[in-house]
Amino acid sequence: MCVITACRWILCYQSQGRPLDRVFIWRVLFIMAAFSISNINAQIRYSVPEEMKKGSLIGNIAHDLGLDVQRLRSGRARIVSGDSTEYVALKTDKGILVVKERIDREQLCAETTPCSFTFEIILDNPMELHHVTVEILDVNDHSPRFAKDEVNLEISESATPGARFLLGSADDPDVGVNALQNYIMSTNDNFILKQHSRPDGVKYAEMVLQKPLDREQHPQLSLILTAVDGGSPQRSGNMKIEVNVLDANDNAPVFNQSVYKATIAENAPKGTYITTVNASDADSGMYSVISYSFANLKGNINEVFEIDEKTGVITLTGVLDFEKSKKYEIGIEAKDQGGLGNSAKVIVDLIDVNDNAPSISVMSFSSSVSEDAHAGTTIAIFSVKDLDAGENGHVDCTVDRNTPFKLQSSLRNYYTLVTDAALDRERVAEYNITITATDSGSPALSSQKTLNLKVSDVNDNPPRFQKSVYTAYVTENNQPGLSIFTLSAQDDDWNQNARISYLLDETTVGGSPVSSYISVNADSGVVHALRGFDYEQMKSVRVCVKAQDGGSPPLSTNVTLDIVIQDENDNAPQVLYPVQTGASVVAEIVPRAADVGYLVTKVVAVDVDSGQNAWLSYKLQKATDRALFEVGLQNGEIRTVRQVTDKDAVKQKLTVVVEDNGQPSRSAVVSINVAVADSFPEVLSEFTDFTHEKQFDENLTFYLVLALAAVSFLFITCVVVILSVKIYRWRQCRLYQSNLPVIPYYPPHYADTGVTGTLPHGYNYEVCMTTDSRKSDCKFSTLGGQNVLVVDPSFTETMQRAMKEKNFLEDPESPEVQKPPNADWRFPPNQRPGPSGQHRFHTLQQRWTPYEKSRAGVRPDEAGATAGVIAGTGPWPNPPTEAEQLQALMAAANEASEATATLGPRYNPQYGPDYRQNVYIPGSTATLTANPQQQVPQQALPPPQALPPVEAPKAQTPASKKKPTKKDKK
């Protein structure tokens, strides 16, 4: 590939008519050598002409470096240039270099050849550094230009042939073949043109007199001098020469030396003396006066230096910069007043001064590094540059010694900043790394670059508690949701790695999971009690809480929390002896001969509380004779205080109060019957009616008033409930007819009144049902009233009925399945039979039927003769009106007692249902069912038999009416 590229360049040069000189061959060999290098520090060289358009292709860098385009993208390939202007851009999607800015070779390199600039291409992951040099080929884009557009020469007519007249030189910024090549003068009879080259390669022209001038014939001549370069196309520049013929001036000025040399420091101030040029003229008079001037104004010489036209003193008028130009070559021209002149050259060498501090250019920098990065991890790549020369341009770089970083250098003026030790974000979260570049000048100059490096966190620290075991105290009978304790852990990590979650370790306490007693807020660590504690059942709870951070992988620490339950005086004393029974009378017998201090009995009581809440004291509250008995305050022993006499009553009743020492205190009362007698028959006779004595309470009146108020309130409540149910069912019936969904009524609360254990609190729960529940109806029927909703207070009976309904739905063959509607709906209202006798229906059966589904059972038009209905059937009837329903109900109720007489011999039981079991409401699928305990499966009716004659009911007279006896009422 390198050979092919070189051949292409050789052919390109030959096609342009350019000679293959040695310089060009060496360039080709250098580029081939550069292409042959293929390592991490490759060097590539391209040659492009100047003045190329933006976006023009320079070269396929990916192909030349042997890299894939994907590698350029993944490595974030970029160009790093130390110059302020970037002329080249890298397109990573194609792997090519294109022109970014207009390149002017004359502006970039002036007369320096070859002209080139260098930049670096950096790739990451892994890091690669490639040097690229772009040589700028000159294009003939400038025409030769004279310093003056017109020159006036005054030549004496006495000038002899061969006299020379300097015309100066034209300036062409191009180089090589595009530079100035030749001068051409317009045709005339007196002058010929000759061109010469100075040691620095500058070509200048002079006009030689070939034929003497004759002022009388031609007092003035006009000539054109043309400067031509060798570019293609060729460019040229013209200068007009006006020759005025004068009298004789036959001596030209002569310099005392042809080359002048001078040295000056680059930081010399303006006005500094450089040197003095001197020329002499052998003529006299006006022809001996010499004027000095710069022969060539190439570059900016007239801006940097100044020459005195009369004295020839050269001084500094501009600013020198050794880094831009190391020396200046100035052409000096001396002319007399007759137009004769001569030239010399002044060479000014600049002395370098350490006036440029090193510059640091960061080419790649990772602003963040993980704290677990290994030693030697690359942080940044940078280069240093000093425009000074020699020792002034030699630069050394250092980094702070108190930081875990060091510098490595593999190429001259290129450094890599790497880690030198392990990093710890918890100790130092970020570093301000100061890089110092110092040159070797005198005095030395330095510059600094500060890089802010942040250490990214790694989850290397688990959460930390101050203690391994915490103790919290909570009083029993606490409210659920009470905050018991707050756990707090610290994590030295940062952000997500320091976000701590608190998790409860699943253990068991008393056979139940600890999560049923305790909950821990995952974010705040607050420990809550989920239920009320009972000290008598549980003295303490030990839980294990895990603090886990949000890192990946997460780290955790366990801590133990001991929850100590403190006792509360929530239990009253319990009397163990004497046993209190209401069925029999137990009396303690005290003989009449008992002495003082006789032990009658001992009250034994316990308190399930602990501590001072369980300290019991005994007091005698009431006694038939307080002077006879006393109770031990601590032991509960009942003893006689004095000698028993015959006057003491046989029946003695003592009331002892057992009180604990809690705050507030709780107590229990025990009644003790004491018989003062010597024999058992005497005791028996005295205590025969003891159990039937009425116990009158001092607050009896208060209790009676309270009971009366409670009964009145219950009565009013029942009336309101009954009215509400009536209205509700009426509205529900209206909703049935309009096919609107009905939301059944449910009790608002369910109260668990069965308090067990020693907890005195009850807990209420809400009964919640879905919105689809409104599609079902709940019907209850009870004795004596069909519109009363019966709810068992404990809700136990109701749940049993629900289970019975579930069994009913699962077993359609059950004898409790609703029977199909009879065909008696076809009878006229006055012929529909009612129930036999005065029979009231009682049922607690629940039926739930969605509106879009029909009840269990067959339709009349689908039933056969074996079903116990009339064989002839018709279409299923439409829903009856309210008047028809009311008429059917009143007919069934009013004719209940007259069913037999009304039907007579015309009624056959086989054609109608047994109304003692079921009552069918015509036009409805609802069924009133008798008591399930009395209900038996319906069987086929026996064959029709002759009915016994039934007497017509007799009319009752006021005399025939009898008051019901007490027995009848029962």
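Me: What should be kept in mind about the model before reading the values?
Reply: This is a predicted model in which local features need pLDDT of at least 70 and side-chain atom pairs count only at pLDDT 80 or more, while totals for chains, interfaces and linings use all residues. Residues are numbered from 1 along each chain as its sequence is written, and side-chain values use heavy atoms, with hydrogens and water left out.

Me: Why is the contact between Asp 124 and Arg 76 called a salt bridge?
Reply: The term requires a side-chain nitrogen of Lys or Arg within 4 Å of a carboxyl oxygen of Asp or Glu; the N to O distance for Asp 124 and Arg 76 is 2.6 Å, so the pair qualifies. The two residues are 48 residues apart, with Asp 124 in the loop between strand 6 (115-123) and strand 7 (128-137) and Arg 76 in the loop between helix 4 (69-74) and strand 3 (78-80); helices (H or I, at least four residues) and strands (E, at least two) are DSSP runs, numbered from the N terminus.

Me: How do you know whether Asp 124 and Arg 76 are buried or exposed?
Reply: Buried means under 20% relative accessible area, exposed over 50%, and partly exposed in between, with a 1.4 Å probe and protein chains only. Asp 124 has 5% and is therefore buried, whereas Arg 76, with 51%, is exposed.

Me: What makes Arg 78 a partner of Asp 124?
Reply: The closest N and O atoms of Arg 78 and Asp 124 are 3.2 Å apart, and the pair forms a salt bridge. Arg 78 lies in strand 3 and Asp 124 in the loop between strand 6 and strand 7, so this pair ties together parts that are 46 residues apart in sequence.

Me: Why is Arg 642 called partly exposed, and what is the label for Asp 648?
Reply: Arg 642 has a relative accessibility of 24%, which lies between the two limits, so it counts as partly exposed. Asp 648, at 8%, is buried. These residues form a salt bridge, their closest N and O atoms being 2.8 Å apart.

Me: How many salt bridges does a search of the whole structure find?
Reply: The search finds 23 salt bridges. Glu 51, Arg 102 and Asp 104 are linked in a network of such contacts.
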